[in-house]
Amino acid sequence: MTTRKTGGDGTPVAGLLLAAGEGTRLGGPKALVELAGERLVDRGARILREGGCVPVYVVTGAAKAEVDGATEVHNPKWPSGMGSSLRTGLDAMPTEVDAVVVALVDQPLVTSAAVRRLREAYAEGSRAVVATYGGNLRNPVLLGREHWPSVHALAEGDVGARPFLRAYSHLVTPVDCDDVASPDDIDTAEDLERMRKILDLGPGGTDGITVGPD
């Protein structure tokens, strides 16, 4: 019988950035939007790498986006919503990957510190971990390989891991990330302008939240 590792630097934890949407309300694909001199897709992949995720995969759809240090996976069913992108990304994971941290391209205030907190919980034995803000389950999310079939089955339409987190809440470890990140997303031009003002403040510019590399 094979014993699955429960953590440690020797067990690969991959990063998975969902970046397939067309950004209808924003006027173009969010992945290609530049913020603080960096495309959102590049920023998201970088945060996963800096958080210790190896390898990093980016699921694209409405627009291609080659990213240094990451593998692009195209989701031909991207118009159906986030669920198909999550399924595509999980299906692309190498066999040696034991767990994956899933992040969204339109949440640029999610930081590498938040990713590391999830990985620390994983290293301590947790197999499903989610970042919380104000007590609410948001992103990123870490999922052990044994949970992927359930996530795959429940990820439909424009929802990703949320149905799994609700259905299997007894298996999920919440990790407070209020002090190191924010789940604020970018859906509209107004959101983008607000985010630009936040990031112009530099690290620590959002009530103590570290918004730059840490």
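Modeller: Strands (E, at least two residues) and helices (H or I, at least four) are DSSP runs, numbered from the N terminus. Here V59 stands opposite V73 in β5. This is a predicted model, where local features need pLDDT of at least 70 and side-chain atom pairs count only at 80 or more, while totals for chains, interfaces and linings use all residues. Residues are numbered from 1 along each chain as its sequence is written, and side-chain values use heavy atoms, leaving out hydrogens and water.

Colleague: What makes β4 and β5 a pair?

Modeller: The definition asks for at least two bridges, and β4 and strand β5 (residues 71-74) have four, in the parallel sense. Strand β1 (residues 13-19) also pairs with β4 in the parallel sense, over five bridges. On that side, G15 stands opposite V56 in β4.

Colleague: How do you know how far to trust the model, going by mean pLDDT?

Modeller: pLDDT is the predictor's confidence in each residue, from 0 to 100. The mean for the protein chain is 89, and 89% of its residues reach 70 or more.

Colleague: Why is strand β4 called mostly covered?

Modeller: Buried means under 20% relative accessible area (exposed is over 50%, partly exposed in between, with a 1.4 Å probe and protein chains only). In β4 (residues 56-60), five of the five residues are buried. Both faces are covered, with V56, V58 and T60 on one side and Y57 and V59 on the other. Across the 214 residues of the protein chain, 54% count as buried.

Colleague: And what makes α2 largely enclosed?

Modeller: Eight of its eleven residues are buried, so the rest of the structure largely encloses α2. Among the buried ones are G83, L86 and R87. The buried residues of α2 pack against β1, β4, β5, β6 and α4 (148-154).

Colleague: Why is a set of residues called a nonpolar core?

Modeller: The name is for a set of buried Ala, Val, Leu, Ile, Met, Phe, Trp, Tyr and Cys residues joined through side-chain atoms within 4.5 Å. The largest such core has 43 residues, and those with the most contacts inside it are V41, L48, V58, L142 and C177. Helix α3 (112-123) is one of its suppliers, and α3 gives the most, with six residues. Apart from this core lies another, of 24 residues, including L16 and V102.

Colleague: Which residues does L142 touch?

Modeller: Contact means heavy atoms within 4.5 Å. Leaving aside neighbours within four places in sequence, L142 is in contact with residues including V13, L118, Y122 and V129.

Colleague: How do you know what counts as a pocket?

Modeller: On a 1 Å grid over the protein atoms alone, a pocket is an open set of points with protein on both sides within 12 Å along at least five of seven lines; lining residues have an atom within 4 Å of a point. The largest pocket has a volume of about 970 Å³, volume being the space filled by probe spheres set on the points. Of its 36 lining residues, the closest to its centre are K30, M82, L104, D106 and D158. Strand β8 gives the most to that lining, with four residues.

Definitions and conventions
1 Å grid on protein atoms, 1.4 Å probe; cavity = no way out; pocket = protein on both sides within 12 Å on 5 of 7 lines; lining within 4 Å.
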